[in-house]
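Please keep the sequence and the structure open beside it while you read.

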Amino acid sequence: MPGVIDITFAQNQDAILSALNQRIPDAKHDGNKDGRTMIHQPCVIDMDGTIYCGNNPTPFAAEFIRRLRTDGTPFTLMTNNPSRSPLEIAQRLAKMGIPVQEDEIVTSADVAVNYLLESGAESVFILGSAYLTALANERRIPQADDNPEYVLIGHTRNFHYRDLAKAAQLISAGSKFLCTDLDHAIPSDGRMLPHTGAMAAYLQAATGQQPCNTGKPERCFLDAACARLSCKPEEMLLIGDNLDTDIAMGVKYGVATALVLTGITDEMALQTASVVPTYVLRDLGEFINGSFEARQRTVF
């Protein structure tokens, strides 16, 4: 039956995915005599739940990034989290021992503001982080509290009920409802925290209006990745922890995907998933030691 996954799930991750043994021809990776394996196609790598969780790096994250550099594999880190600037993220990763430069990072804030620019937005009301607001100012997009063309929502931990109420009133009055992403939650130090999607759901319930999303899994986010890596979608590999965003974007647009089980997706969620990743990995270390080849999805 199409979409049915031939996979046996065990109680622990060491025994997971025993049926994942079918070679997928389009995947580009090679082994060597010492058993190590690494991909050789441009990589778009998610951050929250993939490179780090909260204030801690995921297993082998630093080693994985260093190996990409050693192999000369192009990559960019792209996140649906719009709350920090690329510089802030790079500094945060440095404290975790993960060597990434500011210009190797793209956030959903960047993609959303570029969307506003390309759309010729006349004005915007922003409910989001200081970085999102500053970025709109930097790109000279006028911000307005009355009759803005757009209401832009992005994850922030610093807002008041009156901000949500104001956004709801503007959307109800006709402003276009735009979100940097629709992630409902992100993993942080073993807990799940509400994200942009939770804020958007509140406003959608209050206004009856459905938001437009510029983050994963939408095409404009993928286009930003293609532009950054100078490649076509079919030439890259998407690596992430979220079936509904990272993997769904790849499935929707014909991009190879690798799901890592270090973030929001666990074994049980994968078992009932409607989207099928190209690869499933326990962590990024499996890219380094080559065991990801044995964990490919088998779909009938």
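1. Which residues of strand β14 (residues 237-240) point one way, which point the other way, and are they buried or exposed? Leu237 and Ile239 point to one side, Leu238 and Gly240 point to the other, and all of them are buried. Buried means under 20% relative accessible area, exposed means over 50%, and partly exposed lies in between, with a 1.4 Å probe and protein chains only. The strand names, like the helix names, follow DSSP runs numbered from the N terminus: helices are H or I with at least four residues, and strands are E with at least two. In a regular strand the side chains alternate between the two faces of the sheet.

2. A word on the source of these values. This is a predicted model in which local features need pLDDT of at least 70 and side-chain atom pairs count only at pLDDT 80 or more, while totals for chains, interfaces and linings use all residues. Residues are numbered from 1 along each chain as its sequence is written, and side-chain values use heavy atoms, with hydrogens and water left out.

3. The chain as a whole comes to 10 helices and 16 strands, and 55% of its 300 residues count as buried. Contact here means heavy atoms within 4.5 Å; among contacts between residues at least 6 apart in sequence, 67% join residues at least 24 apart.

4. Strand β14 belongs to an open sheet of six strands, whose order is β7-β6-β3-β14-β15-β16 and whose pairing is parallel. Two strands pair if DSSP finds at least two bridges between them. The edge strands are β7 (105-107) and β16 (279-281), each of which pairs on one side only, and the twist from one strand to the next averages 20 degrees.

5. The two neighbours of β14 can be followed residue by residue. Strand β3 (residues 43-45) is joined to β14 by three bridges, the two running parallel, and Ile45 stands opposite Ile239. With strand β15 (residues 256-260), β14 pairs in the parallel sense over four bridges; Leu238 stands opposite Thr257, and the bridge partner of Gly240 is Leu259. Together with helix α8 (residues 243-253), β14 and β15 make a right-handed β-α-β unit, where right-handed means that, with the strands pointing away from the viewer, the path from the first strand over the helix to the second runs clockwise.

6. Why is β6 described as largely enclosed by the rest of the structure? Five of its five residues are buried, so β6 is largely enclosed. Phe75, Leu77 and Thr79 point one way from β6, whereas Thr76 and Met78 point the other way. Three bridges join β6 to β3 in parallel, with Phe75 as the bridge partner of Cys43. On its pairing with β7, which is also parallel and has three bridges, Leu77 stands opposite Ile105. The chain crosses from β6 to β7 through helix α2 (residues 86-95), and this crossover is right-handed.

7. Two packed helices are described by the angle between their axes and the distance between the axes. Helix α3 (residues 108-118) and helix α4 (residues 130-138) pack at an angle of about 35 degrees, with axes 10 Å apart; axes are lines fitted to C-alpha atoms, for helices over the stretch in contact, and angles run from 0 to 180 degrees between N-to-C directions. Their contact is made by Ala109, Asp110 and Val113 of α3 and by Tyr131, Leu132, Leu135 and Ala136 of α4.

8. Some backbone values deserve a careful look. Most residues other than glycine have a negative phi, and most peptide bonds are trans. Arg140, in the loop between α4 and β9 (150-153), is not a glycine and yet has a positive phi of about 60 degrees; at 77% relative accessibility, Arg140 counts as exposed. Ser230, in the loop between α7 and β14, has a positive phi near 55 degrees, and it counts as exposed at 67% relative accessibility. The peptide bond from Lys216 to Pro217 is cis, with omega near 10 degrees, and Pro217 lies in the loop between β13 (212-213) and α7.
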